[in-house]
Amino acid sequence: MDIRTINFQKRQNDTGCLAFLEAQRDIPFEIKRVYYIFNVAPGARRGFHAHKKLKQVLLCINGSCKILLDDGKEKKTVELNDPTQGLLLEGTVWREMFDFSADAVLLVFASDYYDENDYIRNYNDFLKYIREDNK
Ligand code: T46
């Protein structure tokens, strides 16, 4: 599985750090939605779904968390712990988010508006979908 990360630019001086990203330059799609996940209960695991079309960039702007990615052939875990590094998710990949630190804020840039019809929330349906998609 090809894991793609994006390094955002950072300006740092004695007074602190400033990182920035520009739509369609640093993020390879038009951003239509931004959401963030925070105050995650200790030990909680989220996600358990794949998307049919949605593209997203995930980054932990504070704290850390882990993302399990599963393309139906292999599984990989990525740790997000750097506010200047984003994880690009495109294609139909099953994801689970876990090991959130108490202070974690997971920020997500998405290529489209929220649409429950784009979610595959059952693992067997996911396997069936990617088999049919790859025919
Ligand atoms: C993803 C991972 C990384 C909305 O109403 N609007 C929204 O924009 C979003 C993202 C969610 N919702 C609703 C849908 C559910 O009733 O908020 C509730 C929680 O969503 P969900 O259980 O899907 O949250 P996660 O953390 O499991 O997954 C989220 C995103 O939904 C998903 O696209 O890739 O973060």
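## The second largest pocket

The lining of the second largest pocket divides into 7 nonpolar, no polar and 4 charged residues. Here Ala, Val, Leu, Ile, Met, Phe, Trp, Tyr, Cys and Pro count as nonpolar, Asp, Glu, Lys and Arg as charged, and the others, Gly among them, as polar. This is a predicted model: local features need pLDDT of at least 70, side-chain atom pairs count only at pLDDT 80 or more, and totals for chains, interfaces and linings use all residues. Residues are numbered from 1 along each chain as its sequence is written, and side-chain values use heavy atoms, with hydrogens and water left out.

The second largest pocket holds about 180 Å³ of space. A pocket is an open set of points on a 1 Å grid over the protein atoms alone, where a 1.4 Å probe fits, with protein on both sides within 12 Å along at least five of seven lines; lining residues have an atom within 4 Å of a point. Grid points are joined across faces, edges and corners, and a volume is the space filled by probe spheres set on the points. Met-1, Asp-2, Ile-3 and Arg-4 are among the lining residues. Strands (E, at least two residues) are DSSP runs, numbered from the N terminus.

## The largest pocket

About 220 Å³ of space lies in the largest pocket. It has 15 lining residues, and Tyr-35, Ile-37, His-49, Met-97 and Tyr-119 are the closest to its centre. By class, the lining holds 7 nonpolar, 4 polar and 4 charged residues.

Four strands each supply at least two lining residues: S4 (33–38), S5 (46–51), S6 (56–62) and S10 (94–98). S5 gives the most, with 4 residues.

## The open sheet

An open sheet of 5 strands runs in the order S1-S9-S6-S11-S4, with antiparallel pairing. S1 (4–7) and S4 stand at the edges with a single partner strand each, so one side of each has no neighbour in the sheet. Neighbouring strands are turned by 25 degrees against each other on average, direction ignored. The axes behind this angle are lines fitted to C-alpha atoms, and angles run from 0 to 180 degrees between N-to-C directions.

Two strands pair if DSSP finds at least two bridges between them. S6 and S11 (residues 105–110) run antiparallel and are joined by 6 bridges. Gln-56 stands opposite Ala-110 in S11.

## Salt bridges

The structure holds 7 salt bridges. Each is a side-chain nitrogen of Lys or Arg within 4 Å of a carboxyl oxygen of Asp or Glu. One of them joins Glu-22 and Arg-25 at 3.0 Å, N to O. Glu-22 is partly exposed at 34% relative accessibility, whereas Arg-25 is exposed at 68%. Buried means under 20% relative accessible area, exposed over 50%, and partly exposed in between (1.4 Å probe, protein chains only).

Asp-112 meets Lys-32 in a salt bridge at 3.8 Å, N to O. This pair links distant parts of the chain, 80 residues apart: Asp-112 lies in the loop between S11 and S12 (119–120), Lys-32 in the loop between S3 (16–20) and S4. Asp-112 is partly exposed at 34%, and Lys-32 is partly exposed at 35%.

Asp-99 forms a salt bridge with Lys-66, with the closest N and O atoms 2.9 Å apart. Asp-99 sits in the loop between S10 and S11 and Lys-66 in S7 (residues 65–70), so the pair ties together parts 33 residues apart in sequence. Asp-99 is partly exposed at 46%, and Lys-66 is partly exposed at 24%.
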